[in-house]
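Me: Hi! Could you walk me through some strand pairing in the structure below?

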Amino acid sequence: MLAHIVAQEPEEPCTDGYEYDPVRQVCKDIDECAIVPDACKGGMKCYNHFGGYLCLPQNAQIFVSRGDEMAQPTEPSPPNPPVPPNVNSQNVQSGSASERRLLVPYRSVHCSPGFALDEQNHCRDIDECNTGRHTCSADQTCYNTRGSFLCQCPPGYQKNGDQCVDRDECLMSHYCMHRCVNVPGSYYCECNSGYQLASNNHSCVDVNECQVSQPCEHQCYNLMGSFICHCRQGYELAPDSVSCLDIDECAFSRYMCQYACVNSPGEYSCTCPEGYELQGTRTCQDINECETGHKCSEDEMCWNYYGGFRCYPKNPCQEPYVRTSENRCVCSSMSACRGLPQSIVYKYMNIHSDRTVPADIFQIQATSIYSNTHNTFRIRAGNEGGEFFLRRSSNVSAMLVLTKSLEGPLEIIIDLEMITHHTVTNYRTSSLLRLTIIVGPFSF
Ligand SMILES: [Ca+2]
Ligand SMILES: [Ca+2]
Ligand SMILES: [Ca+2]
Ligand SMILES: [Ca+2]
């Protein structure tokens with residue numbers, strides 16, 4: 001906006017650009033180049049002129065067309081200057097096409113609002129921002145404009161009347177991928193748990209928790225927006241979803257092991273009692289000490305049983321019996337053995353504890369069979385508790401039946417007798433089977 005200059009009607013007889021010389025009573029030219037400081041800008045040279053002045057480039061030359069015309073712009077008082085009606089107060093073209101100068105009369109001048117007269121009687125823009133004449137509030141920035149000024153809100157705020165109010169960026173969609181948080185003068189984006197803000201501050205990208213913080217005690221698997229922990233075999237995930245707890249396999253069932261279960265971190269193991277060894281992972285097998293290096297003496301025989309072993313004399317025969325073969329003792333003379341069994345056979349057997357009953361456990365069989373004989377069988381000794389019953393199965397055999405469950409460790413010696421009745425001679429003999437039953441300490 002260029003200043004709009006309103007020239008008053010002249011009160012003096014001289015035209016603009018001249019002043020009245022009361023002494024000589026003539027109008028004389030004003031030398032603007034002399035009195036207006038900085039009349040030509042941009043390094044232009046000022047040339048005084050009747051009724052005005054010229055701004056010409058420094059290298060401009062002035063040619064005088066007629067001899068009587070004054071080429072000297074500094075001529076202070078031309079004689080009888082005419083009072084041309086139109087020439088004065090008109091624009092005088094300077095050397096630059098864009099630069100326009102007005103012949104400024106020295107009279108009272110009104111400026112448009114936002115402009116004020118300077119010392120050179122030019123209407124100049126008022127800088128309201130520097131002079132404190134603006135009406136911007138403290139939070140606003142004042143920008144001077146030609147003829148006015150602007151009040152601008154700080155970034156993130158917008159004008160509401162004269163006030164600056166926060167701009168709610170979150171009301172505009174698609175700013176943030178997950179969540180937008182509006183704050184005075186700005187906003188920021190937030191991501192859901194398991195995501196983090198990308199470098200563009202708007203997008204959300206998955207956090208690979210497995211790489212960032214190794215949250216799992218054992219294995220970690222990254223998921224979009226989350227992660228999951230796995231535990232190695234023998235462990236289970238704790239309620240916190242990251243720790244691993246040992247599984248107490250022994251608490252599952254008492255059948256995990258045949259004898260004893262020992263829990264340990266990540267696994268479990270079975271143990272066996274003394275005299276047994278583990279077979280596979282859960283069952284216990286008796287160690288046959290008689291095969292793995294027995295400790296019986298020369299005249300002893302080793303007898304393995306469940307959970308241990310025994311040493312028995314190789315010759316169990318006692319007077320008046322003599323040993324005739326292994327485990328067999330026979331009476332040496334009929335007279336000495338009157339009323340005694342003719343022979344005694346030693347047998348050994350082992351059974352588990354808590355055997356289900358009734359159970360056939362041992363069969364006796366006559367070794368010599370004679371014609372015209374009748375055999376009967378009985379338990380002669382060792383059945384005081386009534387645990388056994390002898391069932392005759394034929395004329396020459398009988399079966400020993402266990403009728404009560406036995407709990408070891410226990411050693412029972414039971415005498416089984418076969419009585420032979422010779423029907424022709426009416427003669428009776430008997431033979432004995434001395435059975436040693438060793439009940440092991442366990443049911444296996
Ligand atoms: Ca905001
Ligand atoms: Ca993740
Ligand atoms: Ca375990
Ligand atoms: Ca054994």
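**Strands and sheets**

Reply: Happy to. Let's start in strand 33, where M399 is the bridge partner of R391. Keep in mind that this is a predicted model.

Me: Nice. How many bridges do strand 32 and strand 33 pair over, and in which sense?
Reply: Five bridges, in the antiparallel sense, with strand 33 covering residues 397-402.

Me: And what is the strand order in the open sheet of three strands?
Reply: The order is 30-33-32, and the pairing is antiparallel. Strand 30 (359-365) and strand 32 (388-392) are at the edges with a single partner strand each, so one side of each has no neighbour in the sheet. On average, neighbouring strands here are turned by 25° against each other, direction ignored.

Me: Switching to the six-stranded one: which order does that open sheet have?
Reply: That sheet runs 27-28-29-35-34-31, with mixed pairing. Its edges are strand 27 (321-325) and strand 31 (373-381); each has a single partner strand, so one side of each is left without a neighbour in the sheet. Neighbouring strands are turned by 30° against each other on average, ignoring direction.

Me: How do strand 31 and strand 34 pair?
Reply: They pair in the antiparallel sense over eight bridges, and strand 34 spans residues 410-422. Within strand 34, M418 is the bridge partner of F377.

Me: Last topic: what do strand 21 and strand 22 form?
Reply: A hairpin, with two residues between the strands. In the turn, G266 has a positive phi of about 80°. Strand 21 (residues 260-264) pairs with strand 22 (residues 267-271) over five antiparallel bridges.

Me: Which residue is the bridge partner of C261 in strand 22?
Reply: Another cysteine, C270.

Definitions and conventions. Residues numbered from 1 in each chain as written. Chains lettered and ligands numbered in written order. Predicted model: local features only at pLDDT ≥ 70, side-chain atom pairs only at ≥ 80, totals over all residues. Pairing = 2+ DSSP bridges. Helix = DSSP H or I, 4+ residues; strand = E, 2+ residues; numbered from the N terminus. Axes fitted to C-alpha atoms, helices over the stretch in contact; angles between N-to-C directions.
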